[in-house]
Amino acid sequence: MDDDKEGKITDSGELAHDWAELTHECLINILSRLSLEDRWRGIMRVCKTWLQACKDPNLNSVFDLETYIDSANEFPRFWTPAFERRVDNMVRSVVIWSDGSLTEIRVRHCSDRSLSLIAQRCPNIQVLSIKSCPNVSDVVMAEMASGCPKLKELDISYCYEISDKSLAIIGSRCPNLQILRRNLMNWLDPSQHAGIVPNEYLDACPQDGDSEAAAIGKFMPHLVQLELRFSKLTAKGLALISEGCLDLEHFYLSGCANVTSRDIATATSNLKKLKYIEKPNFYIPRSAYSFERYGHWQLYDERFQTDVFRI
């Protein structure tokens, strides 16, 4: 047997293959079967060849950190500048590696710094989820609207520096938008965020829900799913949405304390395609809700140190 061509025999008598001899195509095929965490925490550190393979555009058309962050819920360190820099660095790396092929990105706690690069280099983005980003502004969302016109799904929940101005410009420049998630934190019972989200950020909760509703109703006529949990819109804003978004099929209004059942019934009578509506519900026991979501902080912290792969 020619060891150089067929591999080497180990002490146990098994045939050992030289992974360094894998073709680039084979290596990409193998890496595509691994999780994002496995690639970032392990494979990238093996050798330069594997690092270069992980940078292949075929492996970077989708970037989803939401699964890993959400599995650990929210920690106070997620709201620090250091964590934001980690996320920004990862996003910027993926954007560069994707070479314009990026179509879906789901992250939290990024900033204008990384989103600006997405706007410049990722014209094919269809899904953008950037929940809990205190340093994402209207300025960069205008850039996103211009640079990413193929957007179909947008999640800007808990991003309090984004206003109705962004909703208007995104709606006018992204005609394919079908899903919008613009949920706010629970301002009715902010204790569930205590010790996690900075108090000053909780206090910055957007107040004018009707202005946002007006922008949605006027500029996003093709929405099929809209989430406005804990929005401060009133019957006026609700009516504007129902008049402008006639294609709505799923509508989420949990926590919207400024609208009544009658307001909702009146407004949704226009929505002939509506299949499901989540109405405000103020009878969820606070202790049960808080424990379910945050009762195992220490367990998660010890079991899965969510440092965004320690970048």
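Predicted model: local features only at pLDDT ≥ 70, side-chain atom pairs only at ≥ 80, totals over all residues.

User: Which residues are linked with Arg-181 and Glu-227 in a network of salt bridges?
Analyst: Searching the whole structure gives 11 salt bridges. Some of the charged residues form a network, in which Arg-181 and Glu-227 are linked with Glu-104, Arg-106, Glu-153, Arg-229 and Glu-278.

User: Is Glu-153 buried or exposed?
Analyst: Glu-153 is found in strand S6 (residues 153–155). Glu-153 touches Arg-106, Gln-126, Val-127, Leu-128, Leu-177, Ile-179 and Arg-181, leaving aside residues up to four places away in sequence. Buried means under 20% relative accessible area. Because its relative accessibility is 13%, Glu-153 counts as buried.

User: How many residues apart are Lys-131 and Glu-66, the pair that links distant parts of the chain?
Analyst: Lys-131 forms a salt bridge with Glu-66, with 3.0 Å between the closest N and O atoms. Lys-131 is in strand S5 (residues 127–131), Glu-66 is in helix H5 (residues 66–71), and the two are 65 residues apart.

User: What relative accessibility does Glu-66 have, and what does Lys-131 have?
Analyst: Residues under 20% relative accessible area are classed as buried. Glu-66 counts as buried because its value is 12%. Lys-131 likewise counts as buried, its value being 16%.

User: Which parts of the structure does the pair of Glu-212 and Arg-182 tie together?
Analyst: The side chains of Glu-212 and Arg-182 meet in a salt bridge of 2.9 Å, N to O. The two residues lie 30 residues apart in sequence, so the pair ties together the loop between S7 and helix H10 (199–202), where Arg-182 lies, and helix H11 (residues 209–219), where Glu-212 lies.

User: At what angle do helix H9 and H11 pack?
Analyst: The contact is made by Asp-164, Leu-167, Ala-168, Gly-171 and Ser-172 of H9 with Ser-211, Glu-212, Ala-215, Ile-216 and Phe-219 of H11. By class, it has five nonpolar, three polar and two charged residues. H9 and H11 are therefore roughly parallel to each other, as angles under 35 degrees count as such. The axes of H9 (residues 164–173) and H11 are 8 Å apart, and the angle is about 5 degrees.

User: Which residues does Ile-241 touch?
Analyst: Residues up to four places away in sequence are not counted. The residues that Ile-241 touches are Ala-213, Ile-216, Gly-217, Leu-226, Leu-228, Leu-233, Leu-248 and Phe-251.

User: What covers the buried residues of H7?
Analyst: Helix H7 (residues 112–121) has as its buried residues Ser-114, Leu-115, Ser-116, Leu-117, Ile-118 and Ala-119. Their cover includes H6, strand S4 (104–108), S5 and helix H8 (138–147).

User: What is the phi of Asp-99?
Analyst: Most residues other than glycine have a negative phi. Asp-99 has its place in the loop between H6 and S4, and counts as exposed because its relative accessibility is 65%. Its phi is a positive value, near 55 degrees.

User: Is Phe-230, which has a positive phi, buried or exposed?
Analyst: Phe-230 has a phi of about 65 degrees although it is not a glycine. Phe-230 is found in the loop between S8 and helix H12 (235–244). With a relative accessibility of 16%, Phe-230 counts as buried.

User: What percentage of the residues of the chain count as buried?
Analyst: The chain has 15 helices and 10 strands. Among its contacts between residues at least 6 apart in sequence, 73% join residues at least 24 apart. Of its 311 residues, the share that count as buried is 48%.

Definitions and conventions. Residues numbered from 1 in each chain as written. Heavy atoms only, no water. Salt bridge = Lys/Arg side-chain N within 4 Å of Asp/Glu carboxyl O. Helix = DSSP H or I, 4+ residues; strand = E, 2+ residues; numbered from the N terminus. Buried < 20%, exposed > 50% of the residue type's maximum accessible area, 1.4 Å probe, protein only. Contact = heavy atoms within 4.5 Å. Axes fitted to C-alpha atoms, helices over the stretch in contact; angles between N-to-C directions. Parallel < 35°, antiparallel > 145°, perpendicular 65-115°, else oblique. Nonpolar A, V, L, I, M, F, W, Y, C, P; charged D, E, K, R; others polar.
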